[in-house]
Amino acid sequence: MISRESETPNYDEIDLTLVAKFFLKNIKILIGCISLGLILGYLKYLNTPKTWQGEFQIVVSEEQRKLSPSTASGFISEAFRGEKSSGIDTQIIILESPSVLMDTFNFVKDSNLEEDLRFQSWKQRLEVKQIKSSSVLKIIYNDQKKEVILPVLEKISSLYQEYSNKKRVKSINFKIDYYKKQIKKFTELTYQSLLKTQDYSEKFAISRATTDDPKILLTDVELNSTKARMQLRELDQKLKKIKSIKDNEEFIYYAKIFRKSENLINQISKIESKILTYSTQYKDNDPIIIDLKNQREFIKNKIGIELISSLKAEIDNANVSLKANERKSDVIFNYKKLILENIKNSETVKNLESQLITMELEKARNTEPWDLITNPRLMPSHIAPSFSKHIFGGSVIALVFAVLALFVKEKNNKFISNIKEIKYLLNLKNTFILPLTSKEINKENFDLLKAYLKEKAQNKIILFEIDNKENLVEEIYKNLNPKNKENTYHIANKLSDFSSYKQLILILTLNKTSKKSIIELKNNLEILKIDLVGLIVIDNGNDDLSV
């Protein structure tokens with residue numbers, strides 16, 4: 001293989017071919033290290049204590065009791081309405097709190113004989129998580145003691161229930177105590193407002209009127225005044241009508257309607273009966289008939305007078321009633337205010353008593369803060385250590401260390417092992433590189449080298465081998481110098497021979513030529529101003545001759 005290097009090699013670039021050959025070269029060592037890693041990983045797996053896992057699931061109750069407020073006591077219900085059932089996040093915090101877990105921690109500490117165990121480090125064995133944004137919680141516990149897992153889960157379950165019920169009862173007792181104090185307070189206020197109302201009623205002769213609708217607040221003086229005014233308007237209309245009558249016969253009609261003068265109406269009926277009887281015996285101008293008719297007209301006129309007098313009397317009575325029920329507006333307003341205050345306090349007491357009964361019933365109700373979905377159960381196989389992780393991890397770690405060790409060894413190798421390294425050390429440019437093995441001489445390759453040198457060479461060229469002497473050198477010399485011609489190429493044995501030459505073909509053997517020698521030679525060539533026009537690389541058959 002022949003190469004003509006025309007650019008400065010970039011030694012920082014990764015050559016995947018070299019990497020692959022590096023691994024192939026050291027394949028036996030790497031396989032051995034991987035096998036050792038597998039064995040060590042398996043031994044570690046066998047000697048690592050097994051960790052077991054158990055779990056159970058619960059659904060947290062979100063039941064919300066809503067007490068409906070009414071009238072003045074509404075603010076009390078509203079005050080407690082803001083207290084919602086604990087959210088999922090809150091329940092998780094409760095489940096992980098020392099209040100619930102401390103007894104379980106002490107149980108584990110005693111059961112596992114872990115005297116130095118701390119609560120925070122132990123709590124890492126426990127996991128409480130919410131499932132898919134639902135109200136379902138999964139409680140997971142891990143421990144190296146398989147037999148302790150189910151008792152731990154059962155204790156957590158019972159302690160959480162006990163804690164939650166205790167919290168619920170405490171909250172209810174607080175409300176019951178609050179309601180009792182408020183009932184006592186508003187009962188006293190109701191009694192005081194009732195006394196004030198009674199005193200005010202007696203002082204101003206006013207009371208609450210009874211109406212069909214209990215929501216309507218009306219006093220007796222308002223009701224009586226309204227009735228008196230309505231009666232006055234009605235009586236006034238009746239009186240005007242009676243006074244406008246021209247025919248006495250109408251007095252009888254209105255007397256019957258108004259149910260007045262019944263005695264006089266009866267007298268008229270008797271007179272008319274007599275007139276009817278006598279009219280069969282006497283003529284109309286008979287004094288008896290005339291006298292009866294005059295009596296009838298007199299009585300009719302008397303009925304009219306009596307109607308007017310009666311209506312006037314009723315009007316006077318209505319005016320008296322209206323006057324008697326007159327009260328100043330502020331008196332009525334203040335009385336209604338007292339009535340409303342009394343109603344408000346009474347309704348508040350009633351609602352407080354109702355809510356107190358509700359709280360006492362709630363306290364008596366046996367409730368659980370959650371429902372158990374799955375019973376505590378132990379997983380059939382341990383969760384740690386992982387067989388695959390230990391095996392894979394051991395082999396990977398062994399492989400990494402082996403590669404690093406081989407890489408360091410390769411880096412620290414003082415001999416040249418491949419042509420790319422030579423390129424880097426000599427910073428080769430426009431240099432003909434001829435790779436050879438120690439077993440063959442390819443004359444065709446030498447012909448290419450001679451053709452290249454014929455174009456580039458100006459003077460005689462010296463051949464120089466570094467560090468190692470190969471039997472191949474003489475043969476190389478013969479191939480470069482044809483018979484019966486003046487020798488163009490010469491063999492140098494030491495640096496002092498370089499003085500007569502300006503061009504050089506360097507001969508070196510892989511894994512036998514040191515990096516130090518290459519660097520020293522490069523410096524000397526720069527000092528002597530000798531051009532490196534050719535490079536012949538000899539391999540012992542074990543390394544890479546690729547360029």
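This is a predicted model: local features need pLDDT of at least 70, side-chain atom pairs count only at pLDDT 80 or more; totals for chains, interfaces and linings use all residues.

**Helix H5 and its surroundings**

Tutor: The crossing of H5 and H7 is right-handed. On the H5 side, the contact is made by Ser99, Val100, Leu101, Asp103, Thr104, Phe107 and Val108. H7 contributes Pro151, Val152, Lys155, Ile156, Leu159, Tyr160 and Tyr163. By class, these contact residues comprise 10 nonpolar, two polar and two charged.

As for the geometry, H5 covers residues 98–111 and H7 covers residues 149–204. Their axes come within 8 Å and cross at roughly 155°. H5 is therefore roughly antiparallel to H7, since angles over 145 degrees are counted that way.

Next comes burial. Val100, Leu101, Thr104, Phe105 and Val108 of H5 are buried. An α-helix has 3.6 residues a turn, so residues three or four places apart point the same way. The buried residues of H5 pack against H7, and also against helix H4 (88–95), helix H6 (119–123), strand S3 (126–130) and strand S4 (136–143).

Just after H5, leucine 113 takes a positive phi of about 55°. Most residues other than glycine have a negative phi, and most peptide bonds are trans. Positive phi values also occur elsewhere in the chain. Arginine 259, not a glycine, has a phi of about 55°, and its place is the loop between helix H9 (249–258) and helix H10 (262–278). Arginine 259 is exposed, its relative accessible area being 69%. Lysine 529 has a positive phi near 60° and lies in the loop between helix H17 (515–528) and strand S10 (531–539). Lysine 529 counts as exposed, at 68% relative accessibility.

A cis peptide bond, with omega about 0°, joins alanine 384 and proline 385. Proline 385 is in the loop between strand S5 (370–378) and helix H13 (387–412).

Of its 547 residues, 38% are buried. Among contacts between residues at least 6 apart in sequence, 80% join residues at least 24 apart.

Notes
Residues are numbered from 1 along each chain as its sequence is written. Side-chain values use heavy atoms; hydrogens and water are left out. Axes are lines fitted to C-alpha atoms, for helices over the stretch in contact, and angles run from 0 to 180 degrees between N-to-C directions. Helices (H or I, at least four residues) and strands (E, at least two) are DSSP runs, numbered from the N terminus. Angles under 35 degrees count as roughly parallel, over 145 as roughly antiparallel, 65 to 115 as roughly perpendicular and the rest as oblique. A crossing is left-handed if the near helix is turned anticlockwise from the far one by less than a right angle, and right-handed if clockwise. Contact means heavy atoms within 4.5 Å. Ala, Val, Leu, Ile, Met, Phe, Trp, Tyr, Cys and Pro count as nonpolar, Asp, Glu, Lys and Arg as charged, and the others, Gly among them, as polar. Buried means under 20% relative accessible area, exposed over 50%, partly exposed in between (1.4 Å probe, protein chains only).
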